[in-house]
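Please work through each task before reading its solution.

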Amino acid sequence: MAAFNLTPSDPSTFILTGIPGLEAAHIWISIPFSIFYIIGLLGNFMILFVVGKEETLHKPMYLLLCMLALTDIAIPTFVMPKALCIFWFNLRGITVGGCLTQLFFLHAGSMTHSAVLVTMAFDRYVAICNPLRYATILTNARIAKLGLVGLMRAVLIVLPIPLLLNKQPFCANHIILHTYCEHMAVSKMSCGDTTVNRTYGLVLTFVVIGSDLTLIALSYSLIIRAILRISHKEAHQKVLNTCTAHICVMLTTYTPFLFTTLTHRFGQGIAPHVHIILANLYFLLPPMLNPIIYGVKTKELRDKVGKCPCRIRYLGPLTLNLCDKRGKNSSSLIKGAVSPFG
């Protein structure tokens with residue numbers, strides 16, 4: 001395959017190397033990466049389709065699931081198309097503007113994702129600790145406003161990063177040892193003083209993500225306190241089922257995020273290809289796993305997803321009529337359920 005005709009000295013272009021040391025295996029590495037990406041897209045689009053189609057799912061909790069699905073679609077999409085172009089076609093070049101744009105949307109998407117998880121923790125807190133006021137405290141309109149606030153927070157916090165980098169003089173060697181434009185990787189190419197950039201990125205990681213984790217921990221500490229006050233074991237189990245999916249999603253999101261962030265800054269002993277593979281998996285595995293987790297743990301969503309193949313399959317008018325009847329029967333059972341989780 002012909003190499004991309006580009007000189008590293010071109011001041012308007014950066015070169016993404018892909019995974020250094022494993023160039024010969026790029027094609028093989030792209031297979032699981034593309035599979036994870038496609039599964040994640042299908043799962044999250046399925047959640048958006050089912051929630052949008054079913055009026056019974058037009059509730060705050062499912063609106064939050066849709067927000068989570070949107071971020072899970074957007075974040076890997078900012079990374080994988082370019083990474084696959086590197087793996088498949090050796091198209092390594094990216095303009096400085098394109099690189100900074102990718103960096104901005106990638107970090108803004110991650111911050112928005114974190115804000116959605118905080119809102120979901122608050123949603124579970126209200127549902128468990130103050131259930132009688134849940135419908136008045138968390139309306140669909142209020143959830144939408146909280147989502148907008150999270151998006152605005154992400155944009156305002158992340159915007160200084162590309163603006164600061166844009167003012168930096170870059171050295172002649174415009175090679176980024178990565179599959180995408182990561183903040184620290186781009187900062188290392190600067191010939192100027194990057195103290196402000198590095199400090200801001202570090203503060204951004206620990207203050208914003210730290211405050212989000214603190215709020216989530218506070219919500220769940222109050223939930224645990226409420227659980228301990230319940231004497232009935234079945235009620236205990238029901239409350240735990242309500243929170244399990246969200247806890248699993250948080251673990252799949254924050255654990256690899258903190259690991260990749262800390263190892264990139266402080267893990268000099270880790271091989272570059274290991275760090276780059278783990279960084280890419282961070283953008284692929286949570287979006288792929290989140291729809292599966294919520295599909296397994298959320299009974300109402302699971303039942304609705306199960307009805308979709310019956311509704312969209314066309315085998316004749318009689319079959320469609322039978323499917324509609326089954327849908328009505330299953331929806332009546334769902335309405336009688338105490339909790340959507342099971």
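A cavity is a set of grid points where a 1.4 Å probe fits but cannot get out, and its volume is the space filled by probe spheres set on those points. The model examined here is predicted.

**Exercise 1.** Determine how much space lies in the second largest cavity, and which residues line it.

*Solution.* 
Step 1. Five cavities of 30 Å³ or more are counted.
Step 2. The second largest cavity holds about 80 Å³ of space.
Step 3. Its lining consists of Asp72, Ile75, His113, Thr253, Tyr282, Phe283, Pro286 and Pro287.
Step 4. Sorted by class, this lining comprises five nonpolar, two polar and one charged residues.
Step 5. At least two lining residues come from each of helix H2 (60–89) and helix H10 (272–297). With four residues, H10 gives the most.

**Exercise 2.** State which way the residues of strand S1 point, and whether they are buried or exposed.

*Solution.* 
Step 1. In a regular strand, side chains alternate between the two faces of the sheet.
Step 2. In S1 (residues 13–16), Thr13 and Ile15 point one way, while Phe14 and Leu16 point the other way.
Step 3. Buried means under 20% relative accessible area; all four of these S1 residues are buried.

**Exercise 3.** Identify the sense in which S1 pairs with S2 and with S3.

*Solution.* 
Step 1. S1 pairs with S2 (residues 93–95) in the antiparallel sense, over three bridges. Here Ile15 stands opposite Gly93.
Step 2. With S3 (residues 175–176), S1 pairs in the parallel sense, over two bridges. The bridge partner of Ile15 in S3 is Ile175.

How values were computed: Residues are numbered from 1 along each chain as its sequence is written. This is a predicted model: local features need pLDDT of at least 70, side-chain atom pairs count only at pLDDT 80 or more; totals for chains, interfaces and linings use all residues. Side-chain values use heavy atoms; hydrogens and water are left out. Buried means under 20% relative accessible area, exposed over 50%, partly exposed in between (1.4 Å probe, protein chains only). Two strands pair if DSSP finds at least two bridges between them. On a 1 Å grid over the protein atoms alone, a cavity is a set of points where a 1.4 Å probe fits but cannot get out, and a pocket is an open set with protein on both sides within 12 Å along at least five of seven lines; lining residues have an atom within 4 Å of a point. Ala, Val, Leu, Ile, Met, Phe, Trp, Tyr, Cys and Pro count as nonpolar, Asp, Glu, Lys and Arg as charged, and the others, Gly among them, as polar.
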